[in-house]
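Please examine the structure shown below together with its sequence.

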Amino acid sequence: MAIQTLIDILEEMNAQHTLMLELGERKKQAIIQDDVEELTRIVNKETKFIKQIVELDTARQQAVYEFLQEKGIKSNLNLNVTELLRMVFHPEEKRRLMDAQQKLTNTLNALKQLNTLNQQLIEQSLTIVNYTLDLVTGGPEDEVVYQHPGHPGYSPKRKGIFDSRI
């Protein structure tokens with residue numbers, strides 16, 4: 001009975017992560033289109049999904065504990081699915097558990113790749129924003145301290161469009 005509960009939980013976790021994957025695709029488009037409002041909405045939705053996933057993971061740990069209890073193991077070990085598969089002897093249950101594990105692993109790998117891509121896109125966007133700000137303000141290399149124009153070491157530097165020291 002606990003093994004069926006565990007399979008159901010893994011399938012639900014896969015469904016939640018699939019929804020996160022869809023949100024990640026929408027996030028990628030929002031980053032590319034520079035739609036900050038949509039990006040904010042997506043991040044808020046992701047936060048809700050993450051809370052649900054944490055609850056599912058707690059339920060998964062409880063199902064593992066119940067499975068161990070059914071097998072006569074009194075320990076509260078936090079075993080992963082691969083380790084549990086060694087304790088499942090019914091071939092149909094073992095196959096279904098392996099399928100659920102494989103689907104979840106594939107979804108998690110796709111989500112990891114998408115998150116890495118989104119992170120790179122955000123870093124590129126920030127680089128462009130910083131570069132643009134440096135062009136407009138004259139860059140961080142500008143002197144902040146006043147130098148008298150008649151001083152021998154004085155050399156006028158190119159100013160940006162906007163002088164941030166005013």
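Helices here are DSSP runs of H or I with at least four residues, numbered from the N terminus. This is a predicted model, in which local features need pLDDT of at least 70 and side-chain atom pairs count only at pLDDT 80 or more, while totals for chains, interfaces and linings use all residues. Residues are numbered from 1 along each chain as its sequence is written, and side-chain values use heavy atoms, with hydrogens and water left out.

Helix α1 (residues 2-32) meets helix α2 (residues 36-70): their axes come within 9 Å and cross at roughly 165°. Therefore α1 is roughly antiparallel to α2, a term for angles over 145 degrees, whereas those under 35 degrees count as roughly parallel. Axes are lines fitted to C-alpha atoms, for helices over the stretch in contact, and angles run from 0 to 180 degrees between N-to-C directions. The residues of this contact comprise 22 nonpolar, five polar and ten charged.

With helix α4 (residues 91-137), the axis of α1 again comes within 9 Å, but the crossing is at roughly 20°. Helix α1 is therefore roughly parallel to α4.

Key
Helix = DSSP H or I, 4+ residues; strand = E, 2+ residues; numbered from the N terminus. Parallel < 35°, antiparallel > 145°, perpendicular 65-115°, else oblique. Nonpolar A, V, L, I, M, F, W, Y, C, P; charged D, E, K, R; others polar.
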